[in-house]
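Here's a walk through one model, helix by helix. Have the sequence and the 3D view open as you read.

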Amino acid sequence: MEKIKNIKRVMEILERYFHYSRRTTLNRMRKADPFKILISCLISLRTKDENTEKVVKKLFKVVKKPEDIANMPISKLEKLIYSSGFYKKKARILKHVSKVIVEKYKGKVPSSKEELLKIKGIGQKTANIVLSFAFNKDVLPIDTHCHRIPNRLGWIKTKTPEQTEKELEKILPKKYWKEFNALFVLFGKKICKPIFPLCSKCPVRDYCKRVGVVNSR
């Protein structure tokens, strides 16, 4: 199938282009403690990667296990994660998630999507990041770049990240699943930007249908 050939070609080109030298904070944390990955992912939501890294380092100098966050005064937690943005909401979510993990899962982050999604505050993307990065499972964490770019390339035609995940599972060879998030986040930040993408510098422009692209550089 021509589409599958193009997908494989794009993935191979992007793998060579980026060399994985500039991974995001979460992608650099692969195989770390599941709780640390979970909390870091929740902190990263709607936050620049450089802020995520600083806040995570600061928080985990104080925090070692779920009980530490569950028992921490909310004011102290807010202060520790202040620079991540939306710190009040995030602090409440971190405390709730930590408390559930302590009380329901005996301090261990669950390793199934079904159980992760039962915890209020954990969404599809966060669950998949934990499953992929911490437990090495074959899932596709879909963030804004991972949703937007496959649609722009013409691989799929979806409206939500949840739909994108299901459609990509059908066409993206499994050998690319573990690195898909890392590659497309880098690609989206550096070249395939939401507005005015750098099409003139794009290494996969010959394989892109440029769906929805009105202006580019």
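Does His145 count as buried or exposed? With 11% relative accessibility, His145 counts as buried, where buried means under 20% relative accessible area, exposed over 50%, and partly exposed in between (1.4 Å probe, protein chains only). Before going further, a word on the ground rules: this is a predicted model, in which local features need pLDDT of at least 70 and side-chain atom pairs count only at pLDDT 80 or more, while totals for chains, interfaces and linings use all residues. Residues are numbered from 1 along each chain as its sequence is written, and side-chain values use heavy atoms, with hydrogens and water left out.

**Around helix 10**

His145 sits in helix 10; helices here are DSSP runs (H or I, at least four residues), numbered from the N terminus. Skip the neighbours within four places in sequence, and His145 is in contact with Pro150, Phe184, Val185, Gly188 and Lys189, contact meaning heavy atoms within 4.5 Å.

Helix 10 (residues 144-153) also packs against helix 11 (residues 161-171). On the helix 10 side, the residues involved are Cys146, His147, Pro150 and Asn151, and they meet Pro161, Thr164 and Leu168 of helix 11.

Axes are lines fitted to C-alpha atoms, for helices over the stretch in contact, and angles run from 0 to 180 degrees between N-to-C directions. Angles under 35 degrees count as roughly parallel, over 145 as roughly antiparallel, 65 to 115 as roughly perpendicular and the rest as oblique.

| Helix pair | Axis separation | Angle |
|---|---|---|
| Helix 10 and helix 11 | within 9 Å | roughly 60° |
| Helix 3 and helix 7 | within 10 Å | roughly 155° |
| Helix 1 and helix 12 | 10 Å | about 70° |

With that angle of about 70°, helix 1 is roughly perpendicular to helix 12. Met11, Leu14, Glu15 and Phe18 are what helix 1 brings to the contact, and they meet Phe180, Leu183, Phe184, Leu186, Phe187 and Lys190 in helix 12. Helix 10 and helix 11, by their angle, are oblique to each other.

Helix 3 (residues 34-44) and helix 7 (residues 87-105) are roughly antiparallel to each other, and the crossing is right-handed. The contact is made by Phe35, Leu38, Ile39, Leu42 and Ile43 of helix 3 together with Lys90, Ile93, Leu94, Val97, Ser98 and Ile101 of helix 7. How many residues of helix 3 are buried? The count is 10 of its 11 residues, among them Pro34, Ile37, Cys41 and Ser44.

Just after helix 3, Arg46 takes a positive phi of about 55°. Most residues other than glycine have a negative phi. Phe86 is another residue with a positive value, its phi being near 50°. Phe86 lies in the loop between helix 6 (74-80) and helix 7, and is partly exposed at 46% relative accessibility. Then there's Phe196, with phi near 55°, in the segment after helix 12; at 40% relative accessibility, Phe196 counts as partly exposed.

Now look at helix 4 (residues 49-59), where Asp49, Thr52, Val55, Val56 and Leu59 are buried. Why do they end up on the same side of helix 4? Because they cover an arc of only 125° around the axis, the arc being that of the directions from the helix axis to the C-beta atoms. Lys54 and Lys57 are exposed on the other side of helix 4.

Asn128, in helix 9 (residues 124-134), is buried, with a relative accessible area of 0%.

Lys209, in the segment after helix 12, is exposed, with a relative accessible area of 63%. Lys209 still touches Arg152, Leu153 and Gly154, not counting residues up to four places away in sequence.

Definitions and conventions:
Helices (H or I, at least four residues) and strands (E, at least two) are DSSP runs, numbered from the N terminus. A crossing is left-handed if the near helix is turned anticlockwise from the far one by less than a right angle, and right-handed if clockwise.
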